[in-house]
Amino acid sequence: SSLPMGPRILKKISIPGTEGPGVSISEERQSLAENSATTIVYNPYAALSIEQQRQKLPVFKLRNHILYLVENYQTVVIVGETGCGKSTQIPQYLAEAGWTAEGRVVGVTQPRRVAAVTVSVSSPPLLGR
């Protein structure tokens, strides 16, 4: 049986210190400068509670599978569409499963500085911090 669409395990890795996919920092900065317009976000689920909104995200269907993989494998790479909940929901699932007990930390990496800042600002309120 195959996994449903959404986050999936990535088999191919890039080697640290080598040219990886994506754009360079200077290209990213230029792109940000060119696209510095106001962003409007549409949320069709705004009337729902936060918990109900979380359950609507594609990653929610794979919550138990992801927790199983993290428990049983030293390294797990999750790949999914933008907005599926990888950066915001999976750290919450890990926290809810006790992975942040006794001062332990769950880290989230992002390929771009803007994405990292966005996640660092949006995640703490979702975790009640």
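# Close-up views of a predicted model

**View 1. Leu 67 and its neighbours.** Leaving aside residues up to four places away in sequence, Leu 67 touches Tyr 93, Leu 94 and Ala 97. Leu 67 is one of the buried residues of α3, together with Ile 66 and Leu 69. These three cover an arc of only 160° around the axis, so they sit on the same side of α3. What does the face turned away from the buried side of α3 carry? There you will find the exposed residues Asn 64 and Glu 71.

**View 2. The largest nonpolar core.** The largest nonpolar core has 7 residues, namely Val 59, Leu 62, Ile 66, Leu 67, Ile 90, Tyr 93 and Leu 94. Which elements give two or more residues to this core? They are α3 and α4. With 3 residues, α4 gives the most.

**View 3. Helix α4 and what follows.** Helix α4 spans residues 86-96. Its buried residues are Ser 87, Gln 89, Ile 90, Pro 91, Gln 92, Tyr 93 and Leu 94. Among them, Ile 90, Tyr 93 and Leu 94 also belong to the largest nonpolar core. Glu 96, by contrast, counts as partly exposed, at 45% relative accessibility. After α4 comes Gly 98, which has a positive phi near 95°.

**View 4. Arg 54 and its two salt bridges.** Here the attention moves to charged side chains. Arg 54 is buried, with a relative accessible area of 10%. One of its salt bridges is with Glu 51, where the closest N and O atoms are 3.5 Å apart. Both residues lie in helix α2 (residues 50-56), and because they are 3 residues apart there, about one helical turn separates them. Is Glu 51 buried or partly exposed? Glu 51 is partly exposed, its relative accessible area being 39%. Arg 54 also forms a salt bridge with Glu 96, and in this pair the closest N and O atoms are 2.9 Å apart. Since Arg 54 belongs to helix α2 and Glu 96 to helix α4, this pair ties together parts that lie 42 residues apart in sequence.

**View 5. Arg 63 joins the network.** Glu 96 has a further partner to look for. The side chains of Arg 63 and Glu 96 meet in a salt bridge, at 3.3 Å from N to O. Arg 63 sits in helix α3 (residues 63-72) and Glu 96 in helix α4, so that distant parts of the chain, 33 residues apart, are linked by this pair. Through shared partners, the salt bridges join Glu 51, Arg 54, Arg 63 and Glu 96 into one network. How many salt bridges does the structure hold? The structure holds 3.

**View 6. The loop around Pro 58.** Between α2 and α3 there is a loop, and Pro 58 lies in it. Pro 58 is partly exposed, with a relative accessible area of 34%.

**View 7. Stepping back to the whole protein.** The protein has 5 helices and 2 strands, and along the sequence they follow the pattern β-α-α-α-β-α-α. Of its 129 residues, 16% count as buried. The accessible surface comes to about 10,200 Å², and 56% of this belongs to carbon and sulfur atoms. Among contacts between residues at least 6 apart in sequence, 70% join residues at least 24 apart.

**View 8. Confidence along the model.** The average pLDDT of the protein is 76, and 60% of the residues score at least 70. Which element has the highest mean pLDDT, and which the lowest? Helix α3 has the highest, at 95, whereas strand β1 (residues 8-9) has the lowest, at 52.

Conventions:
Residues numbered from 1 in each chain as written. Predicted model: local features only at pLDDT ≥ 70, side-chain atom pairs only at ≥ 80, totals over all residues. Heavy atoms only, no water. Salt bridge = Lys/Arg side-chain N within 4 Å of Asp/Glu carboxyl O. Helix = DSSP H or I, 4+ residues; strand = E, 2+ residues; numbered from the N terminus. Buried < 20%, exposed > 50% of the residue type's maximum accessible area, 1.4 Å probe, protein only. Contact = heavy atoms within 4.5 Å. Areas by Shrake-Rupley, 256 points an atom, 1.4 Å probe, with all protein chains shown as cover. pLDDT = per-residue confidence, 0-100. Arc of directions from axis to C-beta. Core = buried A, V, L, I, M, F, W, Y, C linked by side-chain atoms within 4.5 Å.
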